[in-house]
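Visitor: I am new to this structure and would like a close look at a single part of it. Please also say how that part sits beside the rest.

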Amino acid sequence: MSEASAAQSPWQTARIVRIEKRTPRVTSFFFKLSRPFLHLAGQHVDVRLTAPDGYQARRSYSIASAPESAGTIELAIERLEDGEVSPFFHEVAAVGDEIELRGPLGGHFIWSAGDGGPILLVGGGSGVVPLMAMVRHRSVRKSAAPVALVFSARVWDEVIFRDELIGLDDRRDGFDLVLTLTREPAQRASDYSRRIDAAMMVQAMERLPKPPILAFVCGSNAFVSAAAQALIDADVPAGLIRTERYGV
């Protein structure tokens, strides 16, 4: 992040007002901002923890809530055993605690209902979080933009936001959910039991009324590389693919 971006997004305190378990390894923390900001679907915040000895640890987390969330943001945090920040949230943080954060940050991996569609979203694991903000934003705005979300998880119980996503899919209002599980059989007839590949991308795009104007891919480095290549192999122009990566 540039110095200019940091200056525009100073640190502020945010209070945890709700905690909700999403999967065995992912928990959502809802923060009430001391200085509310307007964010765009796909943006993230930086979180900073300071130890009694002055040591600081920082981590970036995508915002899961829609821009219309009115002063409260949701961060869905995956527990990483070797992480400096996520163990604190999963083991120590409680409702009422205050933490430091700054944002919103990021101007490339964003979508607004006004941008239209169709759009194709491809997420792996917790990489679905910024895509969820886009899906929720579309729902709140009652946008007619066609959206297909391809979400890869290892097992059924690790599908973050599973019930909410299936409920939105059941509306049949132009949002289509494609789940693919890599370590157990698919639970729904329309889903897959394998890693993402070009054929899956082709079939996902067939759910859209016309080719996507943009494709957003988020996940681990390895996932994003594989998914972006699958999109290119499915004849999606590279210039239409926007990616966000985390981890190794």
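Visitor: In which sense do strand β1 (residues 12–21) and strand β2 (residues 26–33) pair, and over how many bridges?

Guide: This is a predicted model, in which local features need pLDDT of at least 70 and side-chain atom pairs count only at pLDDT 80 or more, while totals for chains, interfaces and linings use all residues. Residues are numbered from 1 along each chain as its sequence is written, and side-chain values use heavy atoms, with hydrogens and water left out.

β1 and β2 pair in the antiparallel sense, over seven bridges. Strands here are DSSP runs of E with at least two residues, helices are runs of H or I with at least four, and both are numbered from the N terminus. Two strands pair if DSSP finds at least two bridges between them. Within this pair, Arg-15 stands opposite Lys-32 in β2.

Both strands belong to an open sheet of six strands, in the order β4-β3-β6-β1-β2-β5, with antiparallel pairing. The edges are β4 (56–62) and β5 (72–78); each has a single partner strand, so one side of each is left without a neighbour in the sheet. On average, neighbouring strands of this sheet are turned by 40° against each other, direction ignored. Angles run from 0 to 180 degrees between N-to-C directions, and axes are lines fitted to C-alpha atoms, for helices over the stretch in contact.

Salt bridges come next. The term means a side-chain nitrogen of Lys or Arg within 4 Å of a carboxyl oxygen of Asp or Glu, and the structure holds 20 of them. Glu-20 and Arg-22 meet in one, at 3.1 Å from N to O. Glu-20 counts as partly exposed because its relative accessibility is 27%; the scale is buried under 20% relative accessible area, exposed over 50% and partly exposed in between, with a 1.4 Å probe and protein chains only.

Another salt bridge joins Glu-164 and Arg-136, whose closest N and O atoms are 2.8 Å apart. Glu-164 lies in helix α4 (residues 162–170) and Arg-136 in helix α3, so this pair ties together parts that are 28 residues apart in sequence. Glu-164 is partly exposed at 30%, whereas Arg-136 is buried at 11%. Through shared partners, salt bridges join Arg-18, Glu-20, Arg-22, Glu-74, Arg-136 and Glu-164 into one network.

There is also an open sheet of five strands, ordered β9-β8-β7-β10-β11, with parallel pairing. Its neighbouring strands are turned by 10° against each other on average, direction ignored. Helix α3 (residues 129–140) packs on this sheet, touching β7 (119–124), β8 (147–153), β9, β10 and β11; contact means heavy atoms within 4.5 Å.
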